[in-house]
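Q: Please go through the terms used for this structure and set each value against its cut-off.

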Amino acid sequence: MNKYLLLAPALLAASIAQANSLDLPDTVVTASRMEQPRSEAHAASSVFTRADIERLQPSDVPALLQRVPGLHIARNGGPGSLTGVFLRGTTSAQTLVLVDGQRISGSSSGITSLELLNIEHIERIEVVRGGRSALYGSDAIGGVIQIFTRRGDADAGWQPRLSVGVGSHGRIERGVGLSGGNAVTRLDLGLSLDETDGFARTTLEGSNDSAYRNKAANINFSHRFNQRLQAGISALRQSGDTEYDYSLSPAGFAQDDFELSSLSTFVEGQINPLWNSRLELGHTEDRRTTEDPFGGSTFNTYRDQANWINTLELNNAQTLILGADWYQDRLNSSNEFDRNSRINRAAFALHRFSGDQFSTEIGMRHDRNQQFGSENTWNTAGTWHLNPQNDLILSYSQAFRAPTFNDLYYPDSCFMGACTVYANPDLKPETAQSYELQWRSQLTASTRLETALYRTLIRDAIVTNNALDGNQAGSNDPFRPENIDKARINGFEATLQQDMFGWLASASYSLIDARNASGGGNDGNRLARRPKNSLTLDLDRSFNAFSVGAGWTLNSHSYDDLNNENRIPGYGVLGVRGSWQANDELRFNVAVDNLLDRDYYQARGSAFDADTFAPVSFRYREGGRTAMLSAVWTPRL
């Protein structure tokens with residue numbers, strides 16, 4: 001018997017490249033669940049490395065992600081507030097978010113709290129745009145965002161780090177860490193504490209400053225036992241509290257105490273010269289306790305996960321990826337849900353062919369869910385290499401999103417004999433089909449252009465009855481979700497990167513026409529909080545020990561409702577940044593956001609008058625001009 005086969009039950013590991021070979025900036029893992037050059041990935045993608053994070057100095061993860069073409073951020077006012085992520089015209093729940101390969105969305109709402117992830121603990125972010133359910137299953141309609149925690153540098157030796165920053169609205173940032181390793185062992189440890197007094201987040205009468213506090217920690221450890229076997233563990237935990245205005249006028253006090261965590265471990269090995277295998281086990285938690293004038297609530301969701309990925313190099317031109325996923329969602333809430341647990345099992349396969357003139361990809365996946373049954377998805381893509389500088393890519397993908405515990409089982413609310421229905425246990429998964437044409441061109445040695453033209457049709461979209469005509473919904477329950485709406489999204493995006501005379505310039509433009517296609521009274525209306533035109537520009541230059549940069553974000557107007565009655569004006573925001581490398585160990589950073597102090601907002605809300613219960617409309621505020629000054633000390637050991 002082949003001695004390598006004897007190792008298989010013990011290894012059950014995957015692609016060595018995926019785990020710890022993320023050093024090259026122009027690679028991507030998320031597109032195919034294996035490491036590959038971005039130029040060879042069929043899916044459109046954006047990658048931010050640790051060097052990009054330090055150069056751009058974003059205030060948080062959403063501020064960094066808004067540079068991705070086709071991705072729009074809508075905040076409910078300030079740091080730590082509820083943040084919507086609209087990728088290629090889809091909703092926040094229609095984009096899958098992973099941390100070190102683990103799903104971290106709350107299973108009650110389906111939304112991932114990206115605003116709570118401290119960017120100090122992040123090594124790399126990859127954003128893959130377009131449907132990827134054939135690889136990842138539920139939620140990957142708009143795309144996949146994968147966040148990798150910080151990891152040790154095998155070539156840098158052991159290096160401690162200490163950072164401190166002060167900024168507007170009483171913001172204070174503190175961080176300490178240790179990173180390093182060698183060819184065998186790599187380690188990164190980090191702790192941080194961020195606090196801000198905040199500002200009045202809404203235009204409601206009585207709105208007060210909303211404070212935010214976030215304590216975070218990360219560990220990433222890996223060890224290579226020999227040339228064929230390695231293992232590791234990573235963990236990320238965020239906890240704290242965020243204040244906000246409760247939906248009464250005058251504004252009432254409310255606070256969320258949160259804990260968002262991810263723990264994963266892997267073992268991986270080279271079974272034989274052609275077969276790499278990887279097994280991952282993970283556990284994630286999204287825990288929330290809300291205090292408000294009516295007593296508050298608790299929503300704690302837990303997810304156990306297992307992923308097994310096998311990469312087979314069939315020959316120099318063909319690769320086959322075979323895998324299986326399993327996860328169980330559990331909910332513990334102060335509200336009584338009819339069901340609080342469900343299991344999802346899946347198997348998938350992806351075949352890739354790379355030729356001199358053509359490259360192809362085809363993938364298939366079967367999901368079986370304890371609640372809604374089975375779902376099959378597939379994708380295919382082909383690349384025509386026109387010449388070494390130009391590629392044309394044509395692709396088709398299917399995707400779906402499973403309804404959440406809130407959609408299916410949220411308990412009815414009754415007051416004085418009248419009950420409001422918030423759930424529908426008969427909901428089906430949302431499904432989507434996407435068609436895409438890309439052109440990628442290396443125009444010159446220092447100029448890169450990537451464009452994409454796409455169309456997505458979403459069927460059985462889950463919406464509440466108050467967003468539709470009564471005849472369409474067929475129900476008098478305004479908050480009961482239904483599989484009734486359809487959406488049609490047409491989009492174009494382009495990214496241009498230019499390095500000229502020492503200046504690094506990057507520009508991303510998106511045109512997204514996302515509309516209701518349900519055939520009812522709102523047919524043809526634009527979907528809420530999706531600006532049609534978006535543009536981001538970044539310009540950076542280094543002058544020996546000094547560096548300067550600027551970023552400009554522009555968004556056209558959007559609407560906050562399906563009726564297209566509540567218009568959100570367009571806006572443009574300019575930010576500047578700079579740094580000084582005082583010596584080999586000490587660096588000073590400064591960043592000013594909204595330099596021109598523009599008055600703008602990204603979302604609206606509705607409340608009730610505390611005395612008359614009449615509806616009151618308000619908007620969420622942004623913080624105006626803000627500044628942050630920080631210092632980073634990395635002593636050499």
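Q: What makes Gly-624 and Arg-625 contacts of Asp-597?
A: Contact means heavy atoms within 4.5 Å. Leaving aside neighbours within four places in sequence, Asp-597 is in contact with Gly-624 and Arg-625. This is a predicted model, in which local features need pLDDT of at least 70, side-chain atom pairs count only at pLDDT 80 or more, and totals for chains, interfaces and linings use all residues. Residues are numbered from 1 along each chain as its sequence is written, and side-chain values use heavy atoms, with hydrogens and water left out.

Q: Which backbone atom of Arg-625 lies 2.9 Å from a polar atom of the Asp-597 side chain?
A: The backbone nitrogen of Arg-625 lies at that distance, 2.9 Å. A polar contact is a pair of N or O atoms within 3.5 Å; within protein, one must be able to donate a hydrogen and the other to accept it, and residues adjacent in sequence count only if both atoms are side-chain atoms.

Q: Why is Asp-597 called partly exposed?
A: Buried means under 20% relative accessible area, exposed over 50%, and partly exposed in between (1.4 Å probe, protein chains only). Asp-597 has 40% relative accessibility, so the residue counts as partly exposed. Asp-597 lies in the loop between strand 35 (586–593) and strand 36 (604–609); strands are DSSP runs of E of at least two residues, helices are runs of H or I of at least four, and both are numbered from the N terminus.

Q: Why does Phe-546 count as partly exposed?
A: Phe-546 has a relative accessible area of 46%, and therefore counts as partly exposed. Phe-546 is placed in strand 31. Phe-546 also belongs to a nonpolar surface patch of about 890 Å², whose members include Trp-503, Leu-539 and Trp-580. The elements giving two or more residues to this patch are strand 30 (533–543) and strand 31 (546–555).

Q: What makes the pair Arg-161 and Glu-120 a salt bridge?
A: A salt bridge is a side-chain nitrogen of Lys or Arg within 4 Å of a carboxyl oxygen of Asp or Glu. The closest N and O atoms of Arg-161 and Glu-120 are 3.7 Å apart, and the two form a salt bridge. At 9% relative accessibility, Arg-161 counts as buried. Both residues are in a network of salt bridges that also links Arg-50, Glu-54, Arg-150 and Asp-188.

Q: How do you know that Glu-268 is buried?
A: The relative accessibility of Glu-268 is 0%, so Glu-268 counts as buried. Arg-278, at 6%, counts as buried too. The side chains of Glu-268 and Arg-278 meet in a salt bridge (3.5 Å, N to O). Glu-268 lies in strand 16 (residues 252–272) and Arg-278 in strand 17 (residues 275–291), so the pair ties together parts that are ten residues apart in sequence.

Q: Which N to O distance goes with the salt bridge of Arg-365 and Asp-367?
A: The distance is 2.7 Å. Arg-365 and Asp-367 are both buried.

Q: How many salt bridges does the rule give?
A: The count comes to 44.

How values were computed:
Patch = residues over 30% accessible without salt bridge, like charges linked within 9 Å, V, L, I, M, F, W, Y side chains within 5 Å. Areas by Shrake-Rupley, 256 points an atom, 1.4 Å probe, with all protein chains shown as cover.
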